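Student: I am new to this structure and would like a friendly tour. Could you show it to me before I start asking?

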Amino acid sequence: MKKKIIPVIVALVLILIIGVVGFGGKLLEKYSYGKELADMDAYYGVSEGQLAILLQDDWLSEKAVLIDGTVYFDLDTVHSYLNEGFYVDINEQKLLYTTANDTVEAMFGAGEYSDREGSHSVEYVVCQMEGDTLYLAAEYVKLYTNYAYSLYDRHVQVYTQWGEKQTMEIAKDTQVRQLGGIKSPILREMEKGEVVEVLEEMEDWSKVKTSDAIIGYVENKRMTNRATETEVPVTDYVAEEYTSISMPGKVSLGFHAIGGEGGNATLADMLAEGKGINVIAPTWFSLTDNDGNFRSFASAQYVEQAHGSGMQVWGVWDNFNYKNETGTDVSSYEVLSSTAKRRQLAQSIVDTSKEFQLDGVNIDFEGLTEDCGIHYIQFLKELSVLCRSSGLILSVDNYVPFNFNNYYRLDIQGLVTDYVIIMGYDEHWHGSGDPGSVASINYVSNGLDKTLAQVPGEKVVNALPFYTILWKTEGAEVTDQYITLNNVDDYLARVSITPEWDEVTCQNYAEWQSGAATYQIWVEDAESIGVKLSVMSTKNLGGVAVWRLGYGTPEAWELIASYANS
């Protein structure tokens, strides 16, 4: 009997041992630390030659590349995260960067760049095309950008801002893992004494960044000695200083519309009318072709006469008058997108200004398409360098800002030009078929607020309309005609209409029937101009402009003079 029982007991004991071992193995497997190594290519999301980009503590979807030991970023990445100032001329195979006082140039594939001081060799290719993508050397970008970068095995750490960070010390040899959990794949081993930056602290694990910019998770119990460190910013970058030429006191500018050389003879009449102005801006110059040439009605005698009356003269260059006068097709895009043509135009503007002893340049390029925006801004940058070195005031005329025209980049204009002139009218415009005010008070005020969010107040000049529009609606047809400030009272008297003040637009408004037609007019007069000037006074602008001389009334000019002298 005993002999039969002993084998059974042995079997039960063996089963028990196996069960215990199996259960213990499962426990060991569950609670022991995993040893699986992470696939680092998959972790960084890179293939051969690529580098993941860690900007501050965030991974970008964009990738850098490593070519001959040099880090390169594609142009879009540079524009989006580092410096949008780099300009590319694909046709001429050039990379340009315009500073406050110079335009630096590098040819594609070259190991050098040039500026006004000459050619400078570097130990890398400045920029190069890979397929359809232009890549810029990180070191070259760094010459003009406040950022730092460090290259590691499969990634590059980029910093554009610096502050304080929380750190902890590794208390015992451990691992940094891809996720929080002992089974998560290991990113790398961590030795006692290493310091990590703590990005996010949880109950048992913390998200950290290692000294070689690996972001992963470490158990809290493996860390000690919490501290706060101040990050050290870049020390080899000096920000550009843009100097500006300012008028003493407020700008008070009158645009003088001149359609031919004979128009210069009206200067005395314009000066007699324009009480309180200190700048006259004759519309002398207009683009005539796609090569950057322009026609001129400029007169040295005119400038001498204006100077003798204490006026500055800012010559106006536009891109539409010659086209409107002759029907000649002139493409601003063709001119501005070519570095050679753009430079010729800018240099000719400055040379002509010097020839006629102008005090300033006024650029009035209207109707630009969005794809032309980047080229227009590059033109203004390059022109600003020439004007700055020549002592010429540079002003630019702009539409009231909206999202749909933000490619005119008031923020950049506010940096590189001396005055940003907002054409505070055309809320409803000739030919729009949409009756309404030319410049209601909310339109003017809101436009200035949007401008002031991007441009220093002392550089902002608001242009007022010395005209209004009479609207006629007959059935589905809407027609209109301009009426100037100095003619509106006579017109209303002839039609026996007395307008009434409208608190919404802050203008006198009239509406009447004549036959089957409905007429509407939102009057611009001394009363509406006065309200606009009062609003402008509260915003501390750089001045006022008027479109145009020859349209005003004595009452309106008195208000302009009072504002300019306030």
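Student: In which sense do β11 and strand β12 pair?

Tutor: Good place to begin! This is a predicted model, where local features need pLDDT of at least 70, side-chain atom pairs count only at pLDDT 80 or more, and totals for chains, interfaces and linings use all residues. Residues are numbered from 1 along each chain as its sequence is written, and side-chain values use heavy atoms, with hydrogens and water left out. Strands (E, at least two residues) and helices (H or I, at least four) are DSSP runs numbered from the N terminus, and two strands pair if DSSP finds at least two bridges between them. β11 and β12 (residues 155-159) have 4 bridges, and their sense is antiparallel.

Student: Which residue in β12 is the bridge partner of Ala148?

Tutor: Strands of a sheet pair through backbone hydrogen bonds, either parallel or antiparallel. For Ala148, the bridge partner in β12 is Tyr159.

Student: Which are the edge strands of the open sheet of 7 strands?

Tutor: Follow the order β9-β10-β3-β2-β1-β12-β11, which has mixed pairing. An edge strand here pairs on one side only, and the two that do so are β9 (127-130) and β11 (148-151).

Student: What is the volume of the largest cavity?

Tutor: A cavity is a set of points, on a 1 Å grid over the protein atoms alone, where a 1.4 Å probe fits but cannot get out; lining residues have an atom within 4 Å of a point. Grid points are joined across faces, edges and corners, and a volume is the space filled by probe spheres set on the points. The structure holds 2 cavities of 30 Å³ or more, and the largest has a volume of about 50 Å³.

Student: Is Ser384 buried or exposed?

Tutor: Ser384 is among the residues lining the largest cavity and is found in helix α10. It touches Leu394 and Val416, not counting residues up to four places away in sequence (contact means heavy atoms within 4.5 Å). Buried means under 20% relative accessible area, exposed over 50%, and partly exposed in between, with a 1.4 Å probe and protein chains only. Ser384 has a relative accessible area of 2%, so this residue is buried.

Student: Which element gives the most to the lining of the second largest cavity?

Tutor: That cavity holds about 40 Å³ of space, and its lining includes Ile53, Phe73 and Tyr81. The elements giving two or more residues to this lining are β1 (50-55) and α3 (75-82). With 3 residues, the one that gives the most is α3.

Notes: 1 Å grid on protein atoms, 1.4 Å probe; cavity = no way out; pocket = protein on both sides within 12 Å on 5 of 7 lines; lining within 4 Å.
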